Amino acid sequence: MNWQILNLSMTMKNNLKRIVITGGAGFIGSNLSRKLLKEGAEKILIIDDLSTGKIKNIEDLMKLDEIEFIESRVEDVENLNKTLSNFDFCFHLAAGVGVQYIMENVSKALLTNIEATHLMIEACKVNNLPILITSTSEVYGVSNDKVWTEETKSLIGPPTKLRWSYAASKLIDEFLVLSEFNDGNLNPIVVRLFNIIGPNQVSDFGMVVPKFIKAALNGDELIVHGSGEQTRSFTWVQDVIEYFYLLANKKLYGEIFNIGQTEEISINNLAKLVVELTESNSKITYLPHEEVYGSKFEDPMRRTPSIDKIVNATGYSPTMEIPDMIREIIKYKKTNP
Ligand SMILES: NC(=O)c1ccc[n+]([C@@H]2O[C@H](COP(=O)([O-])OP(=O)(O)OC[C@H]3O[C@@H](n4cnc5c(N)ncnc54)[C@H](O)[C@@H]3O)[C@@H](O)[C@H]2O)c1
């Protein structure tokens, strides 16, 4: 039992009864749906085109009266403004996601991230619906600041390094919602997510933890991109959705919040940890970034958030450390390959 979650949830009035989740068949969105149902949601409308999401993430939920699923791109939903009438809150998660997916679908992902968000903003404005948008740690680029606060300057690379298109599109999303807030037209919350992991995250789009675990369980090589000395921090998906729930209920509009963990691990040590915890004989090998993604790629050496702002605002701190998260995911993947 997580007493921190229990205490916070018990003392908080839940205003989230009728909710829209775009990207709700995805990794984070499907976990969010489950949390909101547990907290008494009366209706959840999921809009998802299943481009990276999976129907199996929500198959059991679709049988419930509370769930309505529209299989479509946000951009193609007929009369989006009317579809979004009579809701309390919108979580906008639909986006082109994952380094590999972005590098293979640069213009498609860019347009989705900007167009879909713009349409959602207009529909939320018409319906007076608050919206939480999911931005990313990528917006900090290769900033040299030791710890990244929400005010740290963005240092993304040149447009010739197409990797930064994802960061640029998410920054545009942030500007779009914050300018509407400034004009008094919209109640947005911006979260910047730092490498979120959890059991049902898939390995198909370049996410390092599910890729390593899959390789180790299959006895395949774990391929480290670059030197492996780059460090990352990983955050448990249940902590993320707890933050979403608290931020939305506390109505912390017009603010940006980092969501992440401050504990860092190098990709080398992550690979070793996965091999150890899976008791695998897999070898760890190395590939230069250029060989994987070509010359249009560069990678930050560190990526660590300051989470003071969100911890102070919500009273909630992340609950899981890296080895425990990896153990939980391995346990899940062994029974759900
Ligand atoms: N997972 C992370 O570490 C991480 C880090 C930073 C930001 N984010 C952001 O969090 C959000 C959720 O990411 P996730 O990890 O759950 O990824 P995901 O790929 O599992 O979820 C994204 C969902 O959006 C759907 N989708 C994509 N384009 C769409 C469109 N045009 N219309 C309707 N649906 C569409 C996909 O099918 C998928 O189900 C994304 O906005 C992502 O940018 C995630």
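Student: Where is Pro 210?

Tutor: Pro 210 is in helix H7. Helices (H or I, at least four residues) and strands (E, at least two) are DSSP runs, numbered from the N terminus. Residues are numbered from 1 along each chain as its sequence is written. This is a predicted model, in which local features need pLDDT of at least 70, side-chain atom pairs count only at pLDDT 80 or more, and totals for chains, interfaces and linings use all residues.

Student: Ok. Is Pro 210 buried or exposed?

Tutor: Pro 210 counts as buried because it has 21 C-beta neighbours inside 10 Å. A residue is buried if 20 or more other C-beta atoms lie within 10 Å of its own, exposed if 12 or fewer, and partly exposed in between, with C-beta atoms placed from the backbone.

Student: Which residues is Pro 210 in contact with, leaving aside its neighbours within four places in sequence?

Tutor: Those are Gln 201, Val 202 and Ser 203. Contact here is for two residues whose C-beta atoms, placed from the backbone, lie within 7 Å. Lys 333 is 123 residues from Pro 210 in sequence, and the two are 8.8 Å apart in space, C-alpha to C-alpha.

Student: How many residues of H7 are buried?

Tutor: Eight of the 11 residues in H7 (residues 208-218) are buried, so the helix is mostly covered. Among them are Val 208, Phe 212 and Ala 216.

Student: What do the buried residues of H7 pack against?

Tutor: They pack against strand E7 (196-197), strand E8 (222-225), helix H9 (267-278) and helix H12 (322-335).

Student: And what follows H7?

Tutor: Gly 219 follows H7, and its phi is positive, near 75 degrees.

Student: Back to H9. How do the axes of H7 and H9 cross?

Tutor: They come within 9 Å and cross at roughly 40 degrees. That makes H7 oblique to H9. The axes are lines fitted to C-alpha atoms, for helices over the stretch in contact, and angles run from 0 to 180 degrees between N-to-C directions. Angles under 35 degrees count as roughly parallel, over 145 as roughly antiparallel, 65 to 115 as roughly perpendicular and the rest as oblique.

Student: Which residues of H7 and H9 meet?

Tutor: From H7 there are Val 208, Phe 212, Ile 213, Ala 216 and Leu 217, and they meet Ile 267, Leu 270, Ala 271, Val 274, Val 275 and Thr 278 in H9. By class, this contact of H7 with H9 has 10 nonpolar residues, one polar and no charged. Ala, Val, Leu, Ile, Met, Phe, Trp, Tyr, Cys and Pro count as nonpolar, Asp, Glu, Lys and Arg as charged, and the others, Gly among them, as polar.

Student: What about H9 and H12, how do their axes cross?

Tutor: The axes of H9 and H12 come within 10 Å, crossing at roughly 50 degrees. So H9 is oblique to H12. On the H9 side Leu 273, Val 274, Leu 277 and Thr 278 take part, and in H12 they meet Pro 323, Ile 326, Arg 327 and Ile 330. The contact of H9 with H12 has six nonpolar, one polar and one charged residues.

Student: New topic. At what angle do the axes of H5 and H6 cross?

Tutor: The axes of H5 and helix H6 (residues 164-182) cross at roughly 10 degrees and come within 9 Å. H5 and H6 are therefore roughly parallel to each other. The residues in the contact of H5 with H6 divide into nine nonpolar, five polar and four charged.

Student: How far apart are Asn 86 and Asn 128?

Tutor: C-alpha to C-alpha, Asn 86 and Asn 128 are 9.5 Å apart in space, and they are 42 residues apart in sequence. Asn 86 sits in the loop between helix H3 (80-83) and strand E4 (89-92).

Student: Last one, the ligand. How many residues surround it?

Tutor: 28 residues surround the ligand, and the closest are Gly 23, Gly 26, Thr 52, Gly 53 and Ala 95. A residue is near a molecule or strand if its C-beta atom, placed from the backbone, lies within 6 Å of it. Helix H2 gives the most to this shell, with three residues. By class, the shell around the ligand has 13 nonpolar, 11 polar and four charged residues.
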